[in-house]
Amino acid sequence: MAAGLLPPVPRELPALTDLRLEVRAFLAQQVRDGVFVPHVDTWLTRWDRDFTRELGRRGWLGMVIPEEYGGRGRTYLERFVVTEELLVAGAPVAAHWIAERQIGPSLLTYGTEEQKQAFLPAISRGELVFGIGMSEPDSGSDLASVRTRAERVDGGWRLTGTKVWTSGAHEADAFFALARTETLDPVRRHDGLSQFIVDLRGPDVHIRPIVSMDGDHHFNEVHLDGVFVPDYRVLGRLGAGWTQVTSELAFERSGPERVLSTFQLLASAAQAMEDGRLPLDEGLGRLVARVAGLHQMSFAVSHALEAHEPAETAAAVVKVLGTTTEGDIADYVDGLTATGWVEDEELFALLHAAILQRPGFTLRGGTNEILRGVIARGLGMR
Amino acid sequence: MPPTSPASSASSASSAQPARPLVELHGADPDLVGVLSELFAAYRSGRPAPTHLVDLDRDLWAHLEELGLSRLTGSPERGGSGGTWADAAALLGIAAGAAAPVPLVEHDVLGGWLLEAAGLPDDGGLRTVCRPDPSGVALNVTWAREATHVVALWEDRDEWRVADVPLDHVALTERRNIAGEPSDTVEFDVDELEAGVVVSRGVGEQFHLRGALARSAQNVGAMERIVEIVLRHVAERTQFGRPIGRFQAVQHLISDIAAETALGRAATDAAVARASATNWTDPGMLFAVGVAKSCVGHGSSVVVRGAHQVLGAIGTTLEHELHTLTKPILARRSEYGSLHEWDETLTSLAVSAGHDRLWSLMTTGRAKAGRPSGHAVGR
C-alpha cells in the first residue's frame, strides 16, 4: 500500500534541537580554528583521525552502543541529529563513518561477547577504523555471486579472493569480508556465505589503490592471499552471511549521508546568490524544499528503526530520491556558473568536487536501479 | 488527539532512557481515519460514472454534515467538531483520493475559520471563500455558485477585514477550472467589503498558508490513490504473456511515482504537525508550507505523467477514474500560490539565511534559532 510506504513523520522536540545546537556550535568553532575546511562528500573523501577521536571524546561516536561496551547508550534519533550536523558542516568524518554506521550495530546484533569487548570500546573512542569487504571485481549489484572463498583449516579459516571499492582500506584497521564457506548452489545462491572480521594490517593482505577520476585515492583493491582468520573472528553464524549483510545494508542505505553529501555546495550557492555572485534563481528554492522534505523522510525512517518497525522500502525511497537530489544540486549550480568567474575559488572547489563525486552517489550502497527494484518489491510488484 | 511521545516509551536498542522526550507524533485520530476510509471507499464504489463537468455532490455533503465532518475543524461551541489540523489533513486527503466534489477546504478549513476568527455568526449554510482584489473582484472562486455566502478576506489600508456576503449580493460569472469544477468570478460591492469585521494581521497572513497546505494535503491524498490505481492496473493488464508489472521498465516508473508521493507525504505531514503543535503560531510555518507545496507540486508532475503512461490509452478516457484525480491535482496545484511563486519564496528565505543559516532554516523554518523570521506573506 502506498499510504503505508512512509513511517509516521515525528516532530523534533527541544531535547534533540539542543543537541543539534551543541554540535553545531562545536563545528563552527572547529572551522574558525582552522581544524577543517568544509567540503562536499566528506564521509567518503575527508579522513582526519584526530578529529574522529575528538568526536569520540565528546560522546558523539558509539552513541547507540551500550555503556557496558564503551558506548554512550543513547538513541538512534540522537545519533541521527549528530550525523546530520556533521554532514551539513562538511566535517572530515570518513575515518569513523563505516564503523559508526554499520560495523557497530552489526557487532551488537551478531557479535560474540568477546568480539563486542574487543572492538566496540575502540570504535566508540574513534580509535578503530573499519572498512567494508563486500564488492568484488565480478560482483557489484549481484552480491551473492562473490567468489572470495574461505577454507576450513586448523583453528580457523583461510580466505582467498579480491575485494574492490574498499573505501579507506589503506588507512583502515580491519574490515568485514563476505566469503563463500560452501560452494555455490545455483538454486540457493544466498546460502553458504559467511562474514569474517579481517585484520587489514595482517600478513597476506595486499592493498592496491584505485585512483578516482579527480586523481584522488579513496578506493582500493584488497587481495586476500590465504589470509588466516581464527574461528573467534567469524562474525555471527556460518552460512548466514547473506542475512547479516542485508541487515547491515539497511543501516547503510537509510542515513542522512544519502541526502546531504553536497549540502555545503547548496549553502554556498545560497550565499553566492545573496552576494550577487550567482544569479537569483528559483531553482534553488526547489532544491531546498526537496532536501528539507528528504530530511523529514530520513528522520521518519530513523524513528521507525528506533522502534524496530520495518522501514526497508522507505529507506530505499530516501536513497533513490536523496542521492539523485544531491547530484542534481551539483548539476544545478554548474548550470548557473559561467567560465570567467574564476575568482570564486571556494565555490568552484566545492562545485568541481561535487560534479566529479556525483556518479558515485547513485551507485554506492546499492545502485538506484537495484533500489527501484526494492521499492517495487515493497509495493508488491515482485 | 494529544500528541504521543513514542521515543520515551518504545523499547530501544540503547539502555538509557532520555530524560526529556525527543519527538512527538501529531497524527490524525486513528478512529477518525478508519471511519473516513470506510466512508469514502463506499462513496467511490457507489457513485455514478465520471463526467467532464463536476458539480457539488449535495447528497454527500448532507451526509458529511450529519456526521459532523463538514465543520470538522470548527470549535465545539460553534457547532464544530473540534478536529486538529492533522485530522483535517486526513479528511482532505482521503476525500480527494475519492475525487469527492465537496468544498471542505472552502467551507470548513478557510471559510469557517475566518468566520470564527472574525466572531461572525455561522448559520450553517454552505460557504466558499476568496480574497478580492482592490476593485472588489475575485477570480477562480471554487464552488461559489453552490454557496449561500462568500466569505471575503479583504486587505484594506493595512487592515484585514472579513465579510460574510450573501450570494445574492454579488455579481457572479460562472466559469470552470481544468478539472471541470465551478471556479467562478465574483464581483463584490466594495462598501460591503469595507463593512467587514477587522481581524488580526496574523489571520490575514495565515490565510494563504492554510490554503496552500490544505491544497497540498488534498493533492498528496489524490497521489496516494493514483499509486493504488496504477498498482492494480499493472497486476491485471497482461501483454507479451505476462502482467505488465513484471517488466522492469514499468516497475521503475511506478517506483518513481511512489517515491515522489512519499516525499510529498513527508513534507505535508511535517508542516501539518508543526501547524497542529503550535496552532499556526510557529514562525517557521511559511517555510514548512512552502516545502510541502514545492515537494507535492513538483512530485505531482512525475505522478500525473507517469500514471498516464502506465495506464495507457484507457487512462485518457472519460469513463476511467484516473482523470478524476489528475485534473483536480493540476487545478489545485496552482491555487494559493503557483509552484513558481512558492519556489521563489523558498529561494528568498534561503538566500536571506545565507551559507551559515540555511540549515537552521531547513530544520526549524527560521534562519536564526529562537527568533521569529517576521516575513510577511504576499498574495
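Which residues touch the most other members of the largest nonpolar core? In this predicted model, they are Phe196(A) and Ile254(B), in a core of 230 residues. The largest share of this core comes from helix 8 of chain B, with 15 residues. Helix 8 of chain B also gives the most to the side of chain B that touches chain A.

**Contact between the chains**

- Chain B puts 61 residues into the contact, and chain A puts in 59.
- On the chain B side, six elements each supply at least two residues: helix 1 (6-9), strand 1 (23-24), helix 7 (201-236), helix 8 (248-278), helix 9 (285-311) and helix 11 (339-364).
- Helix 8 of chain B leads that side with 17 residues.
- By class, the side of chain B that touches chain A holds 33 nonpolar, 19 polar and nine charged residues.
- Strand 1 (residues 11-12) of chain A and strand 1 of chain B run antiparallel and are joined by two bridges.
- Within this pairing, Arg11(A) has Glu24(B) as its bridge partner.

- Beyond its neighbours within four places in sequence, Phe196(A) contacts Ala150(A), Trp157(A), Leu159(A), Ala177(A) and Ala179(A), among others.
- Its contacts also include Val229(A), Arg233(A), Val234(A) and Leu235(A).

**Domains of chain A**

- Chain A is divided into domain 1 (2-128), domain 2 (132-240) and domain 3 (255-378).
- The C-alpha centres of domain 1 and domain 3 of chain A are 20 Å apart.
- These two domains of chain A touch: 21 residues of domain 1 are in contact with 29 residues of domain 3.
- Helix 4 (residues 76-88) of chain A gives the most to the domain 1 side of this contact, with seven residues.
- That side of domain 1 of chain A has 14 nonpolar, four polar and three charged residues.
- UniProt, in an unreviewed entry, lists residues 18-127 of chain A as "domain: Acyl-CoA dehydrogenase/oxidase N-terminal".
- The span 18-127 of chain A is 64% helix and 0% strand, and its end C-alpha atoms lie 27 Å apart.

**Domains of chain B**

- The assignment for chain B gives domain 1 (30-199) and domain 2 (202-364).
- Their C-alpha centres, in chain B, lie 22 Å apart.
- The contact between them takes 25 residues from domain 1 of chain B and 29 residues from domain 2 of chain B.
- Helix 4 (85-97), helix 5 (104-118) and strand 4 (149-156) of chain B each supply at least two residues of the domain 1 side.
- Helix 4 of chain B gives the most to that side, with eight residues.
- The domain 1 side in chain B splits into 18 nonpolar, five polar and two charged residues.
- For residues 213-329 of chain B, the unreviewed UniProt entry lists "domain: Acyl-CoA dehydrogenase/oxidase C-terminal".
- The span 213-329 of chain B is 77% helix and 3% strand, with end C-alpha atoms 13 Å apart.

**Thr345(B), a buried polar residue**

- Thr345(B) sits in helix 11 of chain B.
- Thr345(B) counts as buried because 23 other C-beta atoms lie within 10 Å, and the cut-off is 20 or more.
- Leaving aside neighbours within four places in sequence, Thr345(B) is in contact with Gly285(A) and Gly290(B).
- Thr345(B) and Phe287(B) are 58 residues apart in sequence, yet their C-alpha atoms are 8.3 Å apart in space.

- Most residues other than glycine have a negative phi.
- Asp204(A) has a positive phi of about 65°.
- Asp204(A) lies in the loop between strand 6 (193-199) and strand 7 (205-211) of chain A.
- Asp204(A) is partly exposed, with 14 other C-beta atoms within 10 Å.
- Phe240(B) also has a positive phi, near 55°.
- Phe240(B) is in the loop between strand 9 (238-239) and strand 10 (242-243) of chain B.
- Phe240(B) counts as exposed because it has 8 C-beta neighbours inside 10 Å, and the cut-off for exposed is 12 or fewer.

Definitions and conventions. Residues are numbered from 1 along each chain as its sequence is written. Chains are lettered from A and ligands numbered from 1 in the order in which they are written. This is a predicted model: local features need pLDDT of at least 70, side-chain atom pairs count only at pLDDT 80 or more; totals for chains, interfaces and linings use all residues. Two residues are in contact if their C-beta atoms, placed from the backbone, lie within 7 Å. Helices (H or I, at least four residues) and strands (E, at least two) are DSSP runs, numbered from the N terminus. Ala, Val, Leu, Ile, Met, Phe, Trp, Tyr, Cys and Pro count as nonpolar, Asp, Glu, Lys and Arg as charged, and the others, Gly among them, as polar. Two strands pair if DSSP finds at least two bridges between them. UniProt positions are given in the numbering used here, feature names are shortened, and annotations may be inferred rather than shown by experiment. Domain bounds come from an automatic or database domain assignment. A nonpolar core is a set of buried Ala, Val, Leu, Ile, Met, Phe, Trp, Tyr and Cys residues joined through C-beta atoms within 7 Å.
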